[in-house]
Amino acid sequence: VVLACPGRGQILRAHRPGLPMNSFFPMRTGDIVYIALLLAMAVASFLPWSTETTWGPMVALGWMLAALMIVAPVIALIRLFIERRLR
């Protein structure tokens, strides 16, 4: 099944049963790496050792979540800046 997308001039192909389904919006490799690193950091923050280990006056969980809260938007903004500059 082929559908025309009037506003964009693109042709969309609908999924047919029995065929492998592609993602609707393709992701760039950099986006996949960014999401994988954020998920890995989030999972590592909640491992059992991070609730017992203390660095200074705070447990490792607090430090790692604070770093995640700062690092995630900074990296996203840098990626956005680089992507727009390349256009």
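Of the 87 residues in the chain, 10% are buried. The model on display is a predicted one.

**The whole chain.** Begin with the entire chain selected. Three helices and four strands make up its secondary structure, and from the N terminus the elements follow the order β-β-α-α-β-β-α. The chain has an accessible surface of about 7500 Å², and carbon and sulfur atoms contribute 71% of that surface. Among contacts with a separation of 6 or more, 24% join residues 24 or more positions apart.

**Helix 3.** Next, select residues 60-86, which form helix 3. This helix contains 27 residues and spans 38 Å from its first C-alpha to its last, close to the expected 39 Å.

Which residues of helix 3 are buried? Select Ala 60, Leu 61, Met 64, Leu 68 and Ala 72 to display them.

Is Leu 37 buried or exposed? Leu 37 counts as exposed because its relative accessibility is 56%, and the cut-off for exposed is over 50%.

**A nonpolar surface patch.** Finally, select Met 69, Ile 70, Val 71, Val 74, Ile 75, Ile 78, Phe 81, Ile 82 and Leu 86. Together they form a nonpolar patch on the surface with about 900 Å² of accessible area. One of them, Val 71, lies in helix 3 and is partly exposed, with a relative accessible area of 31%.

Terms used. Residues are numbered from 1 along each chain as its sequence is written. This is a predicted model: local features need pLDDT of at least 70, side-chain atom pairs count only at pLDDT 80 or more; totals for chains, interfaces and linings use all residues. Side-chain values use heavy atoms; hydrogens and water are left out. Helices (H or I, at least four residues) and strands (E, at least two) are DSSP runs, numbered from the N terminus. The expected span of a helix is 1.5 Å times one less than its number of residues. Buried means under 20% relative accessible area, exposed over 50%, partly exposed in between (1.4 Å probe, protein chains only). Patches are made of residues with over 30% relative accessible area and no salt bridge: like charges are joined within 9 Å, nonpolar side chains (Val, Leu, Ile, Met, Phe, Trp, Tyr) within 5 Å. Accessible areas come from the Shrake-Rupley method with a 1.4 Å probe; for residues, only the protein chains shown count as cover. A salt bridge is a side-chain nitrogen of Lys or Arg within 4 Å of a carboxyl oxygen of Asp or Glu. Contact means heavy atoms within 4.5 Å.
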